[in-house]
Amino acid sequence: FKIDRDIPVQTVHEAFVPKAMVADVLPQLREGDFVNVVSSKGSETLVTHVGLIVLGPTGERRLIHSAEPMVREESFDAFIARALEREARTPKGRAPLRLMGFKFLRLNERPEPPPMKPQPRPGR
């Protein structure tokens, strides 16, 4: 589209919870917390999927996310097991998409928007 960009390259260091430690942090999560699924492919680490925390019938933390063919709600153990099965099915010679862990995000309960100049309003 011939879009010019003058954005400098930035290096960002992010932290995530490794998949083996996710059970340790589940009690701290609240319904509505945002989940980034962190994966690696070759030497690259990236967020490959997103979801939300929901509470199951007995209060357990579950992941709700969209996956073919529909929205899915499942335990983190089930999500991790499916990811490991997918990794195992990767054809030889191709770098598998490996589940590394999860990054959990929570909205600020009392956001403070920065002060703004008055905005123009349409005429009446």
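Author: What follows is a quick chat about the sheet, the helix packing, the core, the pocket and a few residues.

Reader: Ground rules before we start?
Author: This is a predicted model, where local features need pLDDT of at least 70 and side-chain atom pairs count only at pLDDT 80 or more, while totals for chains, interfaces and linings use all residues. Residues are numbered from 1 along each chain as its sequence is written, and side-chain values use heavy atoms, with hydrogens and water left out.

Reader: OK, what's the strand order in the sheet?
Author: The order is 1-6-2-3-4-5 in an open sheet of six strands, with antiparallel pairing. Helices (H or I, at least four residues) and strands (E, at least two) are DSSP runs, numbered from the N terminus. Two strands pair if DSSP finds at least two bridges between them.

Reader: Which strands are at the edges?
Author: Strand 1 (17–18) and strand 5 (70–74) are the edge strands, and each pairs on one side only.

Reader: How many bridges join strand 1 to strand 6?
Author: Two bridges, with strand 1 antiparallel to strand 6 (residues 98–105). Val17 sits opposite Phe102, and Pro18 has Gly101 as its bridge partner.

Reader: And what's on strand 6 from the strand 2 side?
Author: Strand 2 and strand 6 are paired antiparallel over seven bridges. Val38 stands opposite Gly101 there.

Reader: Now the other end. How do strand 4 and strand 5 connect?
Author: They form a hairpin with two residues between them, and they pair antiparallel over five bridges.

Reader: Where does Pro69 sit?
Author: Pro69 is in the loop between strand 4 and strand 5. The peptide bond from Glu68 to Pro69 is cis, with omega near 5°.

Reader: Switching topic: which strands does helix 2 lie across?
Author: Helix 2 (residues 76–88) lies across strand 2 (34–41), strand 3 (44–55), strand 4 (61–67), strand 5 and strand 6. The helix runs at about 150° to strand 6. Axes here are lines fitted to C-alpha atoms, for helices over the stretch in contact, and angles run from 0 to 180 degrees between N-to-C directions.

Reader: What about the largest nonpolar core?
Author: That core has 16 residues, and those with the most contacts inside it are Val22, Val35, Phe76, Leu99, Phe102 and Phe104. Helix 1 (22–25), strand 2, helix 2 and strand 6 are the elements giving two or more residues to this core. Helix 2 provides the largest share, four residues. A nonpolar core is a set of buried Ala, Val, Leu, Ile, Met, Phe, Trp, Tyr and Cys residues joined through side-chain atoms within 4.5 Å.

Reader: What does Phe76 touch?
Author: Setting aside neighbours within four places in sequence, Phe76 is in contact (heavy atoms within 4.5 Å) with Val22, Leu26, Val35, Ile53, Arg61, Arg62, Leu63, Phe102 and Phe104.

Reader: What lines the largest pocket?
Author: The lining is Val12, Glu14, Ala15, Phe16, Val38, Thr45, Leu46, Val47 and Lys103. Strand 3 gives the most to that lining, with three residues. On a 1 Å grid over the protein atoms alone, a pocket is an open set of points where a 1.4 Å probe fits, with protein on both sides within 12 Å along at least five of seven lines, and lining residues have an atom within 4 Å of a point.

Reader: Where does Pro96 come in?
Author: Pro96 lies in the loop between helix 2 and strand 6 and counts as buried at 16% relative accessibility. Not counting residues up to four places away in sequence, Pro96 touches Ser40, Lys41, Glu87 and Thr90. The C-alpha atoms of Pro96 and Lys41 are separated by 6.0 Å, with the two residues 55 apart along the chain.

Reader: And Lys41 to Arg62?
Author: Those two are 21 residues apart in sequence and 25 Å apart in space, C-alpha to C-alpha.

Key
Buried < 20%, exposed > 50% of the residue type's maximum accessible area, 1.4 Å probe, protein only.
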